[in-house]
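I opened this model to look up a few backbone details. My notes follow the structure.

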Amino acid sequence: MTPLRLGYLYGLAAYLLWGFFPLYFKLLRPTGPLEILAHRVVWSVAFVALLLAAMRNIGFLRALLRRPRALVGIGAAATLIAVNWFTYIYGVNSDRVVETALGYFINPLVVVLLGVLVLRERLRPAQWVALGVGGLAVAVLTVDYGQLPYLALILAFTFGGYSLVKKRLGLPAAEGLFVESAVLSLPALVFLGWLATTGDATFGHVSATHTVLLVLAGALTAIPLLLFAGAANRLPLTALGMLQYVAPILQLGCGVLIFHEPMPPARLAGFALVWLALIVFTVDALRHARRNRRPRPATAPAPTAVPTAR
C-alpha cells in the first residue's frame, strides 16, 4: 500500500471514530460529564504510558522538563482540551448532539479567525466572505435557539485554541497527549477519590459493561489522535481539510437520525449557511493550494527566503 493510500486510511479511520463518539458517550449514562472526563484523563495517561513504554520513548520527558516555556504551553493546551472534552460530553449526554456537530463544522472558520486575531495573518477575499457567512449563520441559529449556540462556540474556540497552541509546541501526538493528560491527571484522581468517599461514584457500581466502557475511554481518546497523526504525516493539508468534515457530518446524522433531535427549518437554514461558508472556504483553499503547486517560469527571479516563526 502506498503512503498516500495509507494516509487516507488512517485519516478516514480517525474521523469515523470521532464521528461515532456520541454513540459511545450515550452508553456511559448515568455517569455525569465531569466523572466521564476524569476517567477519560486517567485512562488516557495509563494507555499512552504503556504505549510509550512499548516504544521505549519515555526519555522525551527529560528534554521537555528543560523547556519551561513549553511546559506553560502544555498547561494551556491541557486546559483548553479539558474544557473541550467536558463541553462535548455534556452536550452529548444532555441531548444536544446536533449543537456539538455545529461546533466542529464552525471550527475551521474559527481557526482562520484566530489566525487573524492572534497571528496577525492576512486573509484572502474569499476567506473574509466565508467568515461573514459563518457569522450570519451564528446569528440565524441564535434566533432559532433563543440564545447563542454557546456549546458549539465553546467547542469551536477551545479546539481552535488548542490547535494553535499545539502547532506552536510541535510535540508528536502520543507524547503530547501523555503530557497533557498527565497535567490533568492529579485533579482528575482527586475528584474520583472524592466521589468514591462520598458514595457518588458510578465506576464499578452500574454493571461490568459500564465499568469496561469507562476504562476504554483512554484508548478511545488516544487511538483516533494517533491515527490522525499518521494521516497528517502522509497527506497534503488540503486532503486533511476535506476529511475533517466526515466527523461532524456523522455526528449530525447521529443527532437527527438516531437520537431524533429536532431540526426545525430555521435551524436547518443556519446549518445551510455554515455549509455554504465551508464550501467557499474549501474551494478557496483548493485553488490556493493548486496555484502554489504550479512551477514558476524559468525566467522568474527566485523568491527571497522569509524566516518562519517556530
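**Backbone notes**

I began with P30, which sits in the loop between α2 (21-26) and α3 (33-55). Helices here are DSSP runs of H or I with at least four residues, strands are E runs of at least two, and both are numbered from the N terminus. I then checked the peptide bond from R29 to P30 and found it cis, with omega near 15°.

Before going on I noted the terms: this is a predicted model, local features need pLDDT of at least 70, side-chain atom pairs count only at pLDDT 80 or more, and totals for chains, interfaces and linings use all residues. Residues are numbered from 1 along each chain as its sequence is written, and side-chain values use heavy atoms, with hydrogens and water left out.

Next I looked up D95, in the loop between α5 (68-93) and α6 (97-117). D95 is not a glycine, yet its phi is positive, near 60°. I read its relative accessible area as 46%, so D95 is partly exposed (buried is under 20%, exposed over 50%, partly exposed in between, with a 1.4 Å probe and protein chains only).

H260 lies in the loop between α13 (246-258) and α14 (265-293). H260 also has a positive phi, about 55°, without being a glycine. I list H260 as exposed because its relative accessibility is 62%.

Last, I checked the length of helix α8 (residues 150-169). The expected span is 1.5 Å times one less than the number of residues. For the 20 residues of α8 that gives 28 Å, and the end C-alpha atoms are 28 Å apart, so the two agree. Just after α8, I found G170 with a positive phi of about 70°.
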